[in-house]
Amino acid sequence: MDIVRSVVGKLWMTIIALFALVLTLFSLMIVQSFDSFYFQRQTKNLQNVAEGLSQTLSAYTDKTTALSVAASFSAVHRTGLIMVDEKGKPIGASEGNDFSFIPVEQLLEAPELKLGEALQGKHHTPERIIFSHNPADRNGAVQLLAVAVPIELSKDKQGALVMYQAIEDFDDTVKEVRKLIFVVGVIGFISTTVFAFFLSSRITFPLRQMKETAHRIAEGDFHAEIPIRTNDEIGELAASFNSMASHLNKLVDALSKEKEQLASVLRSMVDGVIMIDEQGKIAVTNPPAEHFLRDWTYEHPDEPIPLFPFYQMVVQTGQEVTDEIPAQGRIWSLVMIPLTDREQIRGAVAVVREVTRERKLDKMRNDFVANVSHELRTPLSMLQGYSEAIVDDIAATPEEHKELAQIIYDESVRMTKLVNELLNLARMEAGHVEVSLEKVEVSPYLERIQRKFVNLAREQKIHLLLEINTSVTSIWIDPDKMEQVLTNLIDNAIRHTPENGNVTLRARGDQTLLLEVNDTGSGIPQEDLPFVFERFYKADKARTRGKAGGTGLGLAIAKNIVEAHGGTIGVQSKLGEGTTFTIALPDKQKQK
């Protein structure tokens, strides 16, 4: 970790900066105080000495002797002494002192000394005079504190007494003070550094513990706590952090339970639930939805999932969208609603449900009513019409009476057949299908069924073919009921195949016998394929050849018979190319 950006580094730099600032201000104040105090004191002392000597020397007649005595006195106080006459010429000076290197002329000519005013009898305070050249130290400068006071040389002559002192003592004192401040600063820097690191370590230790605990919580350990038991602000922060972690743990547990409950609800739903995020990607699905997506991807590998156009519509309008999606003979009901976050759409939830059975039931109900009405209305109308003709003696001859009676008989037989088929179908759908299994040779059995339709196919100018390409030579079935199934399929194929078309009865398969009835007729629309085995199904009544149309119950009865044998029946068809019904029959005897 970068020490400069850490709490330790920041605290250390703050304390050092504060210490340096205080030490600098303190040293400046001390130096300034020494300067003011020492200079004022030295100035006052020099002023008093100069005034005193001036008065003393003025009282002596022998100025030379008095000057020698004064020079000896001034040497004790490290003070230079110069006496000048009324013209400013030196008439005596102290000798053998530390100021012999100072040129007298340069000192007397210094404007700070104000010698001319002193010769006129004016008194001034000492002033600082700086000499730029020092023979003893040519690289440095000399500072003097000098004063000129008037002195009476005789009754008619006025001179001046010049006294001066070096300020070196003050500079030495300041240097010593600076050395002391430097030493104190070094000691203070070291002490402050040690104290800062010690204090910052004490402060950052619980913070590091908080950081480690926060990382543990981020990794999922919501039971982690900070082991700090102090009464200061750090302890209060740790207590608040532990309380937050406890509440967070409870909240996460509640969210986990809610998520599990939601996941359980989604898994238990019959409807498929799909959540699409704001990027248009599938985020959440439940098993029925996964089944829907898997089937769609398998059946349409190159096509996008059909939910995304509805998703774009939901995002654009912000409204709920409902529709139905047909796919390979199945119908899916779709309801999609937007997911909003602060009035912004961040995705959508789609609920899909397979409604193929419901639509089949609706179609069956509608077709049942329509077909029963159609199938019964025609023979009833004919029965009523021809009966009225007989009652009203419209038929004049016995032959006409016989013809009308025959029509009435045929229509009654047709109605009886329809009712019987309805009863048989109802009994089959209720599970009351009885089959009498017999061992049947495949080839002779299929050849016999083919011969039943040879004349009918010839009349319709249709080629009826038989292809046997199977290793199964015999099978256990109910020959009468299975013949009923194949008869129904072949009859439908002939009726729906145009002239010069082909109808093929085919047997194939190795382990399981597969019976196929293939035609080159007009085919069945894809949307009608799921309903072909329902009662009264007629995909297109206009495709029925002739007047002998079926009742629409044959395929439903055929499906129940095949399933009673433990087999399956399916259909494949394309418009304009033809239809193929396939029956898969297991060998019941082998299963036993």
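The model is a predicted one, with local features needing pLDDT of at least 70, side-chain atom pairs counting only at pLDDT 80 or more, and totals for chains, interfaces and linings using all residues. Residues are numbered from 1 along each chain as its sequence is written, and side-chain values use heavy atoms, leaving out hydrogens and water.

The sheet is open and has 5 strands in the order 12-14-15-17-16, with mixed pairing. Strands here are DSSP E runs of at least two residues and helices are H or I runs of at least four, numbered from the N terminus; two strands pair if DSSP finds at least two bridges between them. Strand 12 (463-470) and strand 16 (568-574) sit at the edges with a single partner strand each, so one side of each has no neighbour in the sheet. From one strand to the next, the twist averages 15°. Strand 14 (residues 502-509) and strand 15 (residues 513-519) run antiparallel and are joined by 6 bridges.

Now for the helices: helix 13 (residues 479-495) lies across strands 12, 14, 15, 16 and 17, at about 25° to strand 15. Such angles run from 0 to 180 degrees between N-to-C directions, with axes fitted to C-alpha atoms, for helices over the stretch in contact, and contact means heavy atoms within 4.5 Å.
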